[in-house]
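Here are some friendly notes to read alongside the model. Have the structure open as you go through the points.

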Amino acid sequence: MTSETFRSDVQKTIPHRPGVYRYFDDESKILYVGKAKDLRKRVSSYFSASVSHRRTKALVRRINTIEFTVVETEKDALLLENSLIKKLQPPYNILLKSDVTFPYICIVNEPFSRVILTRNPIKNGSQYFGPYTSMRRARVLLEMVQKIFQIRSCSLSLTEKNISAGKFKICLEYHLGNCLGPCEGRQSEEHYNLRLRQVKRLLQGHIKEVISLLTAEMQELAEKYEFERAEQLRQKIELLRDYKGKATVVNPAINNVDVFAFAESPRKAYINFFRVIRGAIIQTKILEITKSLDETREELLVIGIQEFHLQFGNVASEVLLPFQVDYPDEKQKIIVPKIGDKKKLVDLCTKNVMYYRQQRMLAATGMKQKKEMYDAVAHIQTDFRLRSRPVHIECIDNSNFQGSFPVASLVVFKNGKPSKKDYRHFNIKTVVGPDDFASMTEVVLRRYGRLVKENKALPQLLVVDGGKGQLSAAMKAIDELGLRGKLAVAGIAKKLEEIYLPNDPIPLHIDKKSPGLKVIQQMRNEAHRFAITFHRNKRSKAAFKTELSDIPGIGSKTVELLLRHFKTVRKVQEAKEEALLEIVNKRQANNIIEYFSQEKN
């Protein structure tokens, strides 16, 4: 598969959404895992002609299959990429292969719990929130939590016994207002835990709830005339309002869960699978099932669940599904979530399987179209008696109006489809009067003389719009360039759609239903449209030229302004200097007056 063909296919099947893509070789072995803000643009970039990195080129040569998973945000894509790289260990990934993990914010399981950053969650009763996409962002959030809720940052063992014994003294953080001094008993554990509950709600993303609680507290302080403390709370509320959402792939409380989603087409069923461990998607896979009987969606989903459990093991305690099924394993709890984070997980899983279905259906349509184009090109080779498949065909057409504004167009088809970036216009330079044959000779000489001079590939077939005369004019140029035998040439006459070949006075009458003839007709019509459009544009520009254009210092834009204001050239001629100065400058006004004065004389 060429880079150009692959890029075209990718643009039709991969969405403009954030997500993670995976490359596999022809043995279905993982090669690379990457993330993208825009999946289609990122994947397409690997197959661009501008790729120069040796290792990237080596990777592209080995790619046989591409899979992708759509997520909600670019940050989610980064976290999912990290999980998959650690799980799959792709050979072309370097940066994320190490055992470095993303940071979590931890509420430590201890009296007067600290709120700290950690990269290594452990099961000791502590609560973890995250993971976060960058240590910097996690630090900013932690600093905000400590500033708003005045949570202690020291590592002292604040047991009731130690506090009662007076073992500790307040530190600088207390005097700075960052801590309320629980080490000396200046803050009760009940009040401290109230603040901790607000911290938890904030880290879970329930910002509105926390703002409401702080607002109520602020109003209560204001009613007590404690305006200084109320103002401090108001500033904290403003900080919270600036804070944007949470930064997790999924809720870290969701652990050891399998998620399934379902989509189908008339002949296929598609089942998507997520495995979620400690708040991260560590496995993702899509299964495609060909329907054999009139199975229900419930039966097909059960088949998919069983297949995935055979591949990845049946270890999850919960299975999240988009609809209820009769699943025989009583050890697993089947849940069809309606709201909350689990529902969001099922929705995300469903979004991916819907994209995959769309990808497969478009790919099937693309394969059908490719086969039709391949058959059409094969028919052209047979019908036009060509030695090789005409994967590159060009067509030339002339256009003029009674010899005026003579132009020509060239359109290019590659693999039976228009290649519009290769279309060209020609202004006829050497021909005087309405001489289509001489115009054809000039265009063929210019086009193919340049290709030869620049050592560029010639098309396998050149089609000229016209019969014997146009074909003879084209062959005159071909012979002058010494290209006879190197470039096949044919003419197509409009009335009977006859095909003329060099040195053959009898035209070919190709079956009107031939796919090859339809491609040639499409080329001829496209060349005609392209030439006519160019010709009309030239005539329109020339028609706009007026007597005003001959006045020194008056350009086309000034002419347009004058005619828009005065409506006619005669009214411009009759206008006084004061009226002209409303539109043009002093020098231009003098030129206009002088020009028409000389004309009268």
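1. A residue is called buried here when its relative accessible area is under 20%. By that cut-off, 45% of the 601 residues of the protein count as buried. Please keep in mind that this is a predicted model.

2. For the overall layout, you will find 19 helices and 19 strands. Among contacts with a separation of 6 or more, 58% join residues 24 or more positions apart.

3. Which residues have the most contacts inside the largest nonpolar core? They are Val115, Phe149 and Val199, in a core of 31 residues. At least two residues of this core come from each of β4 (104-107), α5 (135-149), α8 (189-203), α9 (207-223) and α10 (227-242). As background, nonpolar side chains tend to be buried together in soluble globular proteins.

4. Val115 deserves a click of its own. Leaving out residues up to four places away in sequence, valine 115 touches Ile105, Cys106, Ile107, Leu142, Gln146, Ile151, Leu196 and Val199.

5. Next, a look at α14. Helix α14 covers residues 468-481, and with 14 residues at 1.5 Å a residue it should span 20 Å; the end C-alpha atoms are 20 Å apart, so the two values agree. Its buried residues include Gln470, Leu471, Ala473, Ala474, Met475, Ala477 and Ile478. A helix has 3.6 residues a turn, so residues three or four places apart point the same way. Just after α14, glycine 482 has a positive phi of about 70°.

6. How do α13 and α14 cross, right-handed or left-handed? The crossing is right-handed, and the axes of α13 (residues 436-453) and α14 come within 8 Å at an angle of roughly 35°. On the α13 side, the contact includes Phe437, Met440, Val444, Leu445 and Tyr448, while among the α14 residues are Gln470, Ala473, Ala474, Ala477 and Ile478. By type, the contact residues divide into 10 nonpolar, four polar and three charged.

7. Finally, is Cys349 buried or exposed? Cysteine 349 lies in helix α12 (residues 340-383) and has a relative accessible area of 0%, so it is buried. Not counting residues up to four places away in sequence, Cys349 touches Val259, Phe260, Ala261, Asn272, Phe273 and Phe274. Cysteine 349 and isoleucine 286 are 63 residues apart along the chain, and their C-alpha atoms are separated by 9.9 Å.

Conventions. Residues are numbered from 1 along each chain as its sequence is written. This is a predicted model: local features need pLDDT of at least 70, side-chain atom pairs count only at pLDDT 80 or more; totals for chains, interfaces and linings use all residues. Side-chain values use heavy atoms; hydrogens and water are left out. Helices (H or I, at least four residues) and strands (E, at least two) are DSSP runs, numbered from the N terminus. The expected span of a helix is 1.5 Å times one less than its number of residues. Buried means under 20% relative accessible area, exposed over 50%, partly exposed in between (1.4 Å probe, protein chains only). A nonpolar core is a set of buried Ala, Val, Leu, Ile, Met, Phe, Trp, Tyr and Cys residues joined through side-chain atoms within 4.5 Å. Contact means heavy atoms within 4.5 Å. Axes are lines fitted to C-alpha atoms, for helices over the stretch in contact, and angles run from 0 to 180 degrees between N-to-C directions. A crossing is left-handed if the near helix is turned anticlockwise from the far one by less than a right angle, and right-handed if clockwise. Ala, Val, Leu, Ile, Met, Phe, Trp, Tyr, Cys and Pro count as nonpolar, Asp, Glu, Lys and Arg as charged, and the others, Gly among them, as polar.
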